[in-house]
Amino acid sequence: MKYLEIDHLKKTFDNLQVLKDISLSVEEGEVVSIIGPSGSGKSTLLRCATMLEKMSGGSLSYMGEKAAWEENGKCVYASKNDLKRIRKNYGLVFQSFHLFPHYTVMKNITDAPISVDHVSKAEAQARGEKLLMQLGLEDKKDAYPYQLSGGQQQRVSIARALALQPKILFFDEPTSALDPELTGEVLKVIKELAREKMTMIIVTHEMQFARELSDRIIFMEEGYIRQQGTPEELFGSPDVRVKEFIGKFQA
């Protein structure tokens with residue numbers, strides 16, 4: 001089943017067209033990595049897909065349900081209630097953690113299930129404890145974000161996204177704020193999620209990680225998808241530009 005479908009997505013800021021014509025779909029259990037140079041539109045694509053930015057054109061669907069579509073040359077979004085339901089299909093992990101500094105680790109994880117999904121406090125707490133155990137953070141539940149390393153903070157932000165039990169998890173360069181040692185901690189968690197068949201879309205500069213983990217890799221440049229395929233196809237690509245870009249990271 002197609003969990004996500006994007007057709008002919010365009011995004012313009014003032015007179016600058018950042019996304020020119022993007023179409024992609026993601027199947028259940030698929031791990032898709034998005035790579036490409038800075039300024040190619042990768043993060044904007046994620047922000048449009050998660051409705052943090054309004055699309056300028058095209059259509060967006062989750063689980064077969066339309067969230068946005070084009071009418072008379074303009075992008076129209078579903079009703080507020082429909083969007084609220086559609087948004088429950090996905091979670092987003094940012095590069096800069098976005099934890100609430102005045103909340104404990106456990107409150108950061110349980111706040112949204114209680115206040116957004118109206119899950120009971122006991123159920124939210126049980127989910128939180130299970131996730132902290134899974135992510136090796138069970139001894140940090142009463143700590144505050146400032147008491148954690150960057151890698152631990154990013155693992156808490158992954159736990160917070162998972163606590164809402166999304167069908168798809170988006171990652172926007174989840175390791176770019178971390179040093180190499182802490183990067184390994186976070187990548188290990190994402191690999192574990194992939195083994196559990198979590199559907200994921202990951203914007204990353206970690207080429208080796210993308211190669212090992214992905215079912216499909218998308219190479220973006222100048223607001224377009226220049227090439228997509230299996231890791232073998234991308235890493236063995238005859239396209240000079242793709243080869244050059246990947247080569248820089250493997251040097």
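Angles under 35 degrees count as roughly parallel, those over 145 as roughly antiparallel, those from 65 to 115 as roughly perpendicular, and the rest as oblique. The structure shown is a predicted model, in which local features need pLDDT of at least 70 and side-chain atom pairs count only at pLDDT 80 or more, while totals for chains, interfaces and linings use all residues. Residues are numbered from 1 along each chain as its sequence is written, and side-chain values use heavy atoms, with hydrogens and water left out.

**Figure 1. Packing of helices H5 and H6.**
Helices (H or I, at least four residues) and strands (E, at least two) are DSSP runs, numbered from the N terminus. The axes of H5 and helix H6 (residues 180-195) come within 8 Å and cross at roughly 25 degrees; axes are lines fitted to C-alpha atoms, for helices over the stretch in contact, and angles run from 0 to 180 degrees between N-to-C directions. H5 and H6 are therefore roughly parallel to each other. Their crossing is right-handed; a crossing is left-handed if the near helix is turned anticlockwise from the far one by less than a right angle, and right-handed if clockwise. H5 contributes Gly150, Gly151, Gln152, Gln154, Arg155, Ile158 and Leu162 to the contact, and H6 contributes Leu182, Glu185, Val186, Val189, Ile190 and Leu193, where contact means heavy atoms within 4.5 Å. Sorted by class, the contact of H5 with H6 has 7 nonpolar, 4 polar and 2 charged residues. In this scheme Ala, Val, Leu, Ile, Met, Phe, Trp, Tyr, Cys and Pro count as nonpolar, Asp, Glu, Lys and Arg as charged, and the others, Gly among them, as polar.

**Figure 2. Packing of helices H3 and H5.**
H3 and helix H5 (residues 150-162) pack at an angle of about 25 degrees, and their axes are 8 Å apart. H3 and H5 are therefore roughly parallel to each other. H3 passes H5 in a right-handed crossing. On the H3 side the contact is made by Val105, Asn108 and Ile109, and on the H5 side by Val156, Ala159 and Arg160. The classes in the contact of H3 with H5 are 4 nonpolar, 1 polar and 1 charged residues.

**Figure 3. Packing of helices H3 and H4.**
Helix H3 (residues 105-115) and helix H4 (residues 121-134) have axes 9 Å apart and pack at an angle of about 135 degrees. H3 and H4 are therefore oblique to each other. The crossing of H3 and H4 is right-handed. From H3, the contact involves Val105, Met106, Ile109, Thr110, Pro113 and Ile114; from H4, it involves Lys121, Ala124, Gln125, Arg127, Gly128, Glu129 and Leu132. In the contact of H3 with H4 there are 7 nonpolar, 3 polar and 3 charged residues.

Ile109 lies in helix H3. With a relative accessible area of 1%, Ile109 is buried; buried means under 20% relative accessible area, exposed over 50%, and partly exposed in between (1.4 Å probe, protein chains only). Leaving out residues up to four places away in sequence, Ile109 touches Gly128, Leu132, Val156, Ala159, Arg160 and Ala163. The C-alpha atoms of Ile109 and Leu131 are separated by 9.0 Å, although these residues are 22 residues apart along the chain.

Of the 8 residues of helix H1 (residues 42-49), 6 are buried, so H1 is largely enclosed by the rest of the structure. The buried residues of H1 are Lys42, Thr44, Leu45, Leu46, Cys48 and Ala49. Cys48 has 0% relative accessibility and therefore counts as buried. The sulfur of Cys48 is 8.7 Å from the closest cysteine sulfur, in Cys75, which is too far for a bond. A disulfide is a pair of cysteine sulfur atoms within 2.5 Å, and by this rule the count comes to 0 disulfides. Just after H1, Met51 takes a positive phi of about 60 degrees.

**Figure 4. Ser59 in strand S4.**
Ser59 lies in strand S4 (residues 57-62). Its relative accessible area is 12%, so Ser59 is buried. Residues up to four places away in sequence aside, Ser59 touches Glu5, Ile6, Asp7, Lys66, Ala68 and Trp69.

**Figure 5. The exposed residues Lys80 and Gly236.**
Lys80 is placed in helix H2 (residues 80-87) and counts as exposed at 75% relative accessibility. Gly236 is found in the loop between helix H8 (231-235) and helix H9 (240-250), and at 55% relative accessibility Gly236 counts as exposed. Gly236 and Ile246 are 10 residues apart in sequence and 9.9 Å apart in space, C-alpha to C-alpha.
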